Amino acid sequence: MNQYTYQLTGNIASTEKVAIINEAGETVSYVARVYSNRLKRLVDGYFDYRYFLTYEVMNMREEPTFRITKKIRRGKLWFEAFSYTQDKRYTVTYENWRIGLPELAIHWSDGTMKIDKQMEGWSSFLVNDEVVARWQAVYKEQEDTFDVTLQIEPNSPIQQVDFFAAISQAALFIGS
């Protein structure tokens, strides 16, 4: 199992670049909230920084490797994601929302992964009901930060930390 950690500010409006650190204490990539232009950031402030929600993971040269963006159309909410390194598109949606127990699911051309999102404790990424990764964001009220831990199992069909970090980051704010 590979484990990664990073610390986010509790301020949803922050565009600060945050280092993602592996078990050896080395920075492997960065994650940050991004805006395509200043007007979007200004308008987003009007909507409490919850409308234009985009996160990007960057490599050590600060080149984007993965991007996830919140989409809202006709009352539906989903996320569109793109891996620059894999040249692959992903969609994160709510499943079974009509029966009252919505689940998050990640869809791509080769498969589907579900997210068992927990408000406290570990949230799991599942393929065929088997945990392939898990993440946890622990809020520290006095520092107004989240300590995030991400674990990727060797049996996961996706091993890229950028995939899990970006989707975990978006899932932290999904529905908000």
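**Aromatic pairs and the core**

Guide: The structure holds 10 aromatic pairs, a pair being rings of Phe, Tyr and Trp (its six-membered ring) with centres within 6.5 Å; planes under 30 degrees apart count as stacked, over 60 as edge-to-face and the rest as tilted. This is a predicted model, in which local features need pLDDT of at least 70 and side-chain atom pairs pLDDT 80 or more, while totals for chains, interfaces and linings use all residues. Residues are numbered from 1 along each chain as its sequence is written, and side-chain values use heavy atoms, without hydrogens and water.

Visitor: Are the rings of Trp-108 and Phe-163 stacked, tilted or edge-to-face?

Guide: Their centres lie 6.4 Å apart. Their planes stand at 75°, so the pair is edge-to-face.

Visitor: Is Phe-163 buried or exposed?

Guide: Buried means under 20% relative accessible area, exposed over 50%, and partly exposed in between (1.4 Å probe, protein chains only). Phe-163 has 1% relative accessibility, so this residue counts as buried.

Visitor: What is the geometry of the pair formed by Phe-163 and Phe-164?

Guide: Both residues are buried. Their ring centres are 4.8 Å apart and their planes at 85°, so the pair is edge-to-face.

Visitor: How many residues has the largest nonpolar core?

Guide: A nonpolar core is a set of buried Ala, Val, Leu, Ile, Met, Phe, Trp, Tyr and Cys residues joined through side-chain atoms within 4.5 Å. Those with the most contacts inside the largest one include Phe-163 and Phe-164. The number of residues in this core is 39.
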